Every structure is written in C-alpha cells, then in structure tokens.
Amino acid sequence: MIQEIIPAERHLPYTLITRLIFIHLLVFTCAYLIYGLISGHSLIPLPESLLRYDALNYADINNKGYSYNESIGSNVAFFPGFPYLWRFTGLGIYGISILNLILFLSGFYLLCRQFAQNKTEILIYLSLAPIFFMYVPYSEALFFLCAALLLIGLIKRNNAMVIPALFLCCLCRSVATIFVPAIIIMELLAV
C-alpha cells in the first residue's frame, strides 16, 4: 500500500543528494561567516550559549546521571538515548553538536534517498528554521535519524529494521504511546 504512494523509479541519484546537501552546508556556512564578520559577533558560539534550556538537563544526565531533588526539581522527564550516547562518546559540547549535525544529515540523506522527488524539495527542507535544533545538544538529531530508519524499515517492510529503530526512537522520546498504536493500526489497514 505504501509502496504505491512512493514509486521506486522516481528516486534521485545518490550523488545528486550528496552534492545538494554539501552545497547547502557550504552556502549556510559562508552566510554564517559573513554575518559573523559583518555584525562583529563571535563566529564560534560560546559553550554557555549552547548549554541552555533542555541541553542543561541532557548535560546533567550525561555527567551525573538521573537525579531528583524536591526543592530543585528533576531531570527524569528526559529520555536516556541522547544523554547516554553523549556519555558513551565522551564528547564535549562542540563535539556533541558536530555529532548531532552528522546524525541529522545521515537521517536526512536516508530520507532523501527514499522519498525525495526533486532538488527544490531537498533544499527547502534543509532551509527550514527548526533545523537549527538538529545542531545543538538536544535529542532531536538522534531521534530524527532513528525515526528515518523506522520509516524506511516500514516502507521496505523490513521488521529487522523496524523493531530496533522503534526501540531507539522510544529511548529518545516518549513516542511509544503514539508510534506503537500507529504501527499496529497501519498494519491492520494494510492487510
């Protein structure tokens, strides 16, 4: 059923997708550098500017594990996938940001190989403002890659890919209550 929606013969060549992603990154980097030089802002963000909001909780879990204190609060609402990946890699704030960029671009590349219909579509998706969250120390990039693997596994009807990808998605976000029923309903409708 899903195969009918996305015909296999309309896939873009891998080299074209890679070139588009590289060119977009190059243009984005040049624009960032020009803006930084003209405005006088620092070209490299300070660690304090990267470690804000949820990134503080992920860093805290990475460094100390989960904790609960009645007066301060708790970080138990954050799922362990990203902070434990951060701990496992031993990367600093800049390193994990670069890893997030790699994770996002890997997931984006895989999705483009499977779904992209034209060059404009790829460039528009890469230019959306929320993509910023894929470059900072948040769990979005890891979740995006896992969700991309899940979608590709579902399209290819490859349970050996779907089950681990679903598990990894659930380690990154609270998606079990949404993804599991959605997959069950989709499978029931596809029969």
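What is the volume of the second largest pocket? The second largest pocket has a volume of about 240 Å³. The points below take up the pockets, a surface patch and the salt bridges.

1. Basis. This is a predicted model, in which local features need pLDDT of at least 70 and side-chain atom pairs count only at pLDDT 80 or more, while totals for chains, interfaces and linings use all residues. Residues are numbered from 1 along each chain as its sequence is written, and side-chain values use heavy atoms, with hydrogens and water left out.

2. Largest pocket. About 920 Å³ of space lies in the largest pocket. Its lining has 28 residues, and Phe28, Tyr32, Pro45, Phe132 and Tyr135 are the closest to its centre. A pocket here is an open set of points on a 1 Å grid over the protein atoms alone, where a 1.4 Å probe fits, with protein on both sides within 12 Å along at least five of seven lines; lining residues have an atom within 4 Å of a point. A volume is the space filled by probe spheres set on the points, which are joined across faces, edges and corners.

3. Lining of the largest pocket. Helix H2 gives the most, with 7 residues. H2, H3 and helix H6 (93–115) each supply at least two residues. Helices are DSSP runs (H or I, at least four residues) numbered from the N terminus. By type, the lining divides into 22 nonpolar, 5 polar and 1 charged. Ala, Val, Leu, Ile, Met, Phe, Trp, Tyr, Cys and Pro count as nonpolar, Asp, Glu, Lys and Arg as charged, and the others, Gly among them, as polar.

4. Second largest pocket. Its lining has 16 residues, and Phe108, Leu111, Cys112, Tyr125 and Phe144 lie nearest its centre. H6, helix H7 (119–126) and helix H8 (140–156) are the elements that give two or more residues to this lining. The largest share, 5 residues, comes from H6. This lining divides into 15 nonpolar, no polar and 1 charged.

5. Nonpolar patch. Tyr32, Leu33, Leu37, Leu43, Ile44 and Tyr94 form a nonpolar patch on the surface, with about 550 Å² of accessible area together. Such a patch is made of residues with over 30% relative accessible area and no salt bridge, with nonpolar side chains (Val, Leu, Ile, Met, Phe, Trp, Tyr) joined within 5 Å. Accessible areas come from the Shrake-Rupley method with a 1.4 Å probe; for residues, only the protein chains shown count as cover. Helix H2 (residues 14–39) brings the largest share of the patch, 3 residues. Leu43 sits in the loop between H2 and helix H3 (47–50). Leu43 counts as partly exposed because its relative accessibility is 31%; buried means under 20%, exposed over 50%, and partly exposed in between (1.4 Å probe, protein chains only).

6. Salt bridges. The structure holds 3 salt bridges, each a side-chain nitrogen of Lys or Arg within 4 Å of a carboxyl oxygen of Asp or Glu. Asp60 and Lys64 form one of them (3.1 Å, N to O). Both residues lie in helix H4 (residues 54–64), 4 residues apart, about one turn of the helix. Lys64 is exposed, at 68% relative accessible area.

7. Links between elements. Glu140 and Arg173 meet in a salt bridge (2.5 Å, N to O). Glu140 lies in helix H8 and Arg173 in the loop between helix H9 (159–172) and helix H10 (176–190), so the pair ties together parts that are 33 residues apart in sequence. Arg157 and Glu187 also meet in a salt bridge (3.0 Å, N to O). Arg157 lies in the loop between H8 and H9 and Glu187 in helix H10, so this pair ties together parts that are 30 residues apart in sequence.

Methods
Patches are made of residues with over 30% relative accessible area and no salt bridge: like charges are joined within 9 Å, nonpolar side chains (Val, Leu, Ile, Met, Phe, Trp, Tyr) within 5 Å.
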